[in-house]
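Dear colleague,

I am passing on the structure we spoke about, with the sequence and the coordinates together below.

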Amino acid sequence: MKNENNWHLLLNPFVRIAGWKAFLLGSLIASITIIIGYFSNVWYPGVLDIKLATHLNLGKAFLVQIVSQFYVVFFMYPAALIFAKNTRLQDILGTTMLARFPFLIASLLGFMVKPESIENLMDVLQMGMFNVADNIGLIAASIIMVPIIIWYVILLYNAFKVSSNIKGTKAVVTFTVCLILAEIVSLIVNWVFIKYVYETIF
């Protein structure tokens, strides 16, 4: 029974922690994730996006994470209020922030990938000369990142459901619409900021 509870907490820790405590813990983990990613060539330019890139800028990596998290809350909190007027901002903010903890594993996976594999990837693919043996780390990291994103989506859904107490089809549809909107808008805003704003700041 104890093992079952531990597995359950990996998918829904929000029955134990929420609000500002979850936000502080989630912010700490997110910061560690970004710093590790800076050294392992991994960053997160959208709500659901894990990208490999060399020569990362630490300030830029923090800002795109903030933008992505902002739009998660921006769409999910008002949507939750429509169906559950007692939903607290700190619960949505805290639980959705803590839900990002699987990305810490993604940052560690970046160490499996040789920097030259990242830098030469597009050229190699265009020339049709991709060598599996030379890119085992890249292939393995890419495969493992898929269940990490799925894990994050499950956590994010449970964060939304627990914080708003919305259930059933209503919760699934509302969450799905909010997630799609947050992903699209965060990608657009981060792209615009990177192209026209971030470069002038950093």
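In which helix is Val192 found? Val192 belongs to helix α9, which covers residues 168-201. Please keep in mind while reading that this is a predicted model, and that the values below were computed from it.

Val192 is partly exposed, with a relative accessible area of 30%, and it is one of the residues in a nonpolar patch on the surface, together with Ile180, Ile184, Ile188, Trp191, Phe193 and Tyr196. The accessible area of these residues together comes to about 690 Å².

Helix α9 also holds Thr174, which is buried because its relative accessible area of 11% falls under the 20% cut-off. Leaving aside residues up to four places away in sequence, Thr174 touches Ala79, Phe83 and Phe160.

Helix α3, residues 58-83, has 26 residues and reaches 39 Å from its first C-alpha to its last, which is close to the 38 Å expected at 1.5 Å a residue. At the start of α3, a side-chain oxygen of Asn57 comes to within 2.9 Å of the backbone nitrogen of Gly59.

In helix α8, which runs over residues 136-164, you will find Ala140, a partly exposed residue with a relative accessible area of 24%. Although Ala140 and Val113 are 27 residues apart along the chain, their C-alpha atoms are separated by 8.7 Å.

On charged pairs, the count comes to 1 salt bridge. Arg88 forms a salt bridge with Asp91, and the closest N and O atoms of the two are 2.9 Å apart. Arg88 is partly exposed, at a relative accessible area of 42%, whereas Asp91 is buried, at 11%.

Most residues other than glycine have a negative phi. Asn41, however, has a positive phi of about 70° although it is not a glycine, and its place is in the loop between α2 (19-40) and β1 (42-46). Asn165 likewise has a positive phi, near 65°, and lies in the loop between α8 and α9.

Terms used:
Residues are numbered from 1 along each chain as its sequence is written. This is a predicted model: local features need pLDDT of at least 70, side-chain atom pairs count only at pLDDT 80 or more; totals for chains, interfaces and linings use all residues. Side-chain values use heavy atoms; hydrogens and water are left out. Patches are made of residues with over 30% relative accessible area and no salt bridge: like charges are joined within 9 Å, nonpolar side chains (Val, Leu, Ile, Met, Phe, Trp, Tyr) within 5 Å. Accessible areas come from the Shrake-Rupley method with a 1.4 Å probe; for residues, only the protein chains shown count as cover. A salt bridge is a side-chain nitrogen of Lys or Arg within 4 Å of a carboxyl oxygen of Asp or Glu. Helices (H or I, at least four residues) and strands (E, at least two) are DSSP runs, numbered from the N terminus. Buried means under 20% relative accessible area, exposed over 50%, partly exposed in between (1.4 Å probe, protein chains only). The expected span of a helix is 1.5 Å times one less than its number of residues. A polar contact is a pair of N or O atoms within 3.5 Å; within protein, one must be able to donate a hydrogen and the other to accept it, and residues adjacent in sequence count only if both atoms are side-chain atoms. Contact means heavy atoms within 4.5 Å.
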